[in-house]
Structures are given as structure tokens and as C-alpha cells.
Amino acid sequence: MEDIGVTPEQLLANARAFEAEATLIERFAKDDYENAARAYGGGSYAFVRAIDEADRYMREARLLREAAAEQRAGAVELTQLLKEIEING
């Protein structure tokens, strides 16, 4: 059998890493959302930029979570494929 260069375990590890990074980035966004008005005053340019940055963090976190889901799905598909190869030779 030919080595495909990745294992289901590696894909799941990637998914966990993406989820952990997404969680960290979401914390940054939450901090920005909570601190923007206090630090910059509502409606100021700096306030709007802080909210924009928090929104950007949330978009990045969403993309990481989507990538994590793709990695998990890939792990499932790869596991099934490897089982089929094992059964059918």
C-alpha cells in the first residue's frame, strides 16, 4: 500500500489545534468588544477601529473552526477508506 502522507490522527490533531487557536482569537475579540467603549469612547474613530478589529478576529476564528470541521471530516473519510482497503486488500 502506498503511503498517503497523512493519518486520521494527524488530521484530528490539526482540528484540535485550529479549535484552540480559534478559541484564543475569540478571546481577543471579546476583549476588544468589551474594552472598546471604555478605552476609546463610543463613536470615536478608534472605537470603530477596535470594533472592526474584533469583527476581523471573529471572522478569522470562524474560518479556523470551518477548517477544523474539514479536518475532522477528512479524518472520518480517511478512516473509512483505510478500513475499506484493509478489508478489500
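Predicted model: local features only at pLDDT ≥ 70, side-chain atom pairs only at ≥ 80, totals over all residues.
1. Just after helix α2, G89 takes a positive phi of about 85 degrees. Helix α2 covers residues 45–88, and α1 covers residues 8–40.

2. The length of α2 can be checked by simple reasoning. At 1.5 Å a residue, its 44 residues should span 64 Å, and the end C-alpha atoms are 64 Å apart, so expectation and model agree.

3. Which residues of α2 are buried? They are A50, A54, Y57, A61, L64, A68, Q71, A75 and L78. These buried residues of α2 pack against α1. An α-helix has 3.6 residues a turn, so residues three or four places apart point the same way.

4. The largest nonpolar core has 7 residues in all: A22, I25, A29, A54, Y57, A61 and L64. Both α1 and α2 supply at least two residues of this core. The greatest contribution comes from α2, with 4 residues. As general background, nonpolar side chains tend to be buried together in soluble globular proteins.

5. Leaving aside neighbours within four places in sequence, Y57 is in contact with I25, F28, A29 and D32.

6. How many aromatic pairs are counted? The count comes to 1. This pair is formed by F28 and Y57, with 5.9 Å from centre to centre and 50 degrees between the planes, and it is classed as tilted. The pair links distant parts of the chain, since F28 lies in helix α1 and Y57 in helix α2, 29 residues apart.

7. Apart from neighbours within four places in sequence, Q71 is in contact with L11, N14, A15 and F18. The C-alpha atoms of Q71 and Y57 are separated by 21 Å, the two residues being 14 places apart along the chain. The two residues therefore mark separate positions on a helix whose end C-alpha atoms are 64 Å apart.

8. A search of the whole structure finds 6 salt bridges. As a general point, side chains of opposite charge can pair when their charged atoms come close. One of the bridges joins the side chains of E26 and R65, at 2.7 Å from N to O. This pair links distant parts of the chain: E26 is in helix α1 and R65 is in helix α2, 39 residues apart. Both partners are partly exposed, E26 at 24% relative accessibility and R65 at 26%.

9. R56 pairs with E60, the closest N and O atoms being 3.8 Å apart. The two are 4 residues apart in the helix, which means a separation of about one helical turn. R56 is partly exposed at 39% relative accessibility, and E60 is likewise partly exposed at 31%.

10. E66 and R62 form a further salt bridge, with 3.7 Å between the closest N and O atoms. Being 4 residues apart in helix α2, E66 and R62 are also separated by about one helical turn. The relative accessible area of E66 is 39%, so E66 is partly exposed. R62 counts as partly exposed too, at 44%. Elsewhere, salt bridges that share partners join E19, E26, R65 and R72 into one network.

11. Is E77 buried or exposed? At 54% relative accessibility, E77 counts as exposed. E77 has its place in helix α2. E77 and P8 are 69 residues apart in sequence, yet their C-alpha atoms are 8.6 Å apart in space.

Note on methods
Residues numbered from 1 in each chain as written. Heavy atoms only, no water. Contact = heavy atoms within 4.5 Å. Core = buried A, V, L, I, M, F, W, Y, C linked by side-chain atoms within 4.5 Å. Buried < 20%, exposed > 50% of the residue type's maximum accessible area, 1.4 Å probe, protein only. Salt bridge = Lys/Arg side-chain N within 4 Å of Asp/Glu carboxyl O. Phe/Tyr/Trp six-rings, centres within 6.5 Å; stacked < 30°, edge-to-face > 60°. Expected span 1.5 Å × (residues − 1).
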